[in-house]
Amino acid sequence: MLKVQIADGAKRIEHQRTIVQSLRLDGHQMLADEAEEFLSKLVALQSNYIDQLARLQNRNRD
């Protein structure tokens, strides 16, 4: 399940990066800043998922 969340998260992060870039190119600075803030939250969540998966994999090796 966690691997699926990580794969899905990677797709969402890339999509959000595209949104941020598009907003900036269209001159929507305030919206781009908000979208980038959301992106940073997605990246942090993704990092937590990856850390959890690593801990679970290490536990299974023991």
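The model is predicted: local features need pLDDT of at least 70, side-chain atom pairs count only at pLDDT 80 or more, and totals for chains, interfaces and linings use all residues. Residues are numbered from 1 along each chain as its sequence is written, and side-chain values use heavy atoms, with hydrogens and water left out.

**Salt bridges**

Side chains of opposite charge can pair when their charged atoms come close. A salt bridge here is a side-chain nitrogen of Lys or Arg within 4 Å of a carboxyl oxygen of Asp or Glu. Three of them are described below, among them the pair E14 and R17.

E14 and R17 both belong to helix 1, which covers residues 2-25. Helices (H or I, at least four residues) are DSSP runs, numbered from the N terminus. The two residues are 3 residues apart, about one turn of the helix. Their side chains meet in a salt bridge with an N to O distance of 2.7 Å.

R24 takes part in a salt bridge with D33, where the closest N and O atoms are 3.2 Å apart. R24 also meets E36 in a salt bridge, at 2.3 Å from N to O. This second pair links distant parts of the chain, since R24 is in helix 1 and E36 is in helix 2, 12 residues apart. Together, R24, D33 and E36 are linked in a network of salt bridges.

**Exposure of the paired residues**

Buried means under 20% relative accessible area, exposed means over 50%, and partly exposed lies in between (1.4 Å probe, protein chains only). The table gives the class and the value for each residue named above.

| Residue | Class | Relative accessible area |
|---|---|---|
| E14 | partly exposed | 44% |
| R17 | partly exposed | 39% |
| R24 | partly exposed | 31% |
| D33 | partly exposed | 36% |
| E36 | partly exposed | 38% |

**Residue S40**

S40 is placed in helix 2, which covers residues 29-61. S40 counts as partly exposed because its relative accessible area is 42%. In sequence, S40 and I13 are 27 residues apart, while in space they are 9.0 Å apart, C-alpha to C-alpha.
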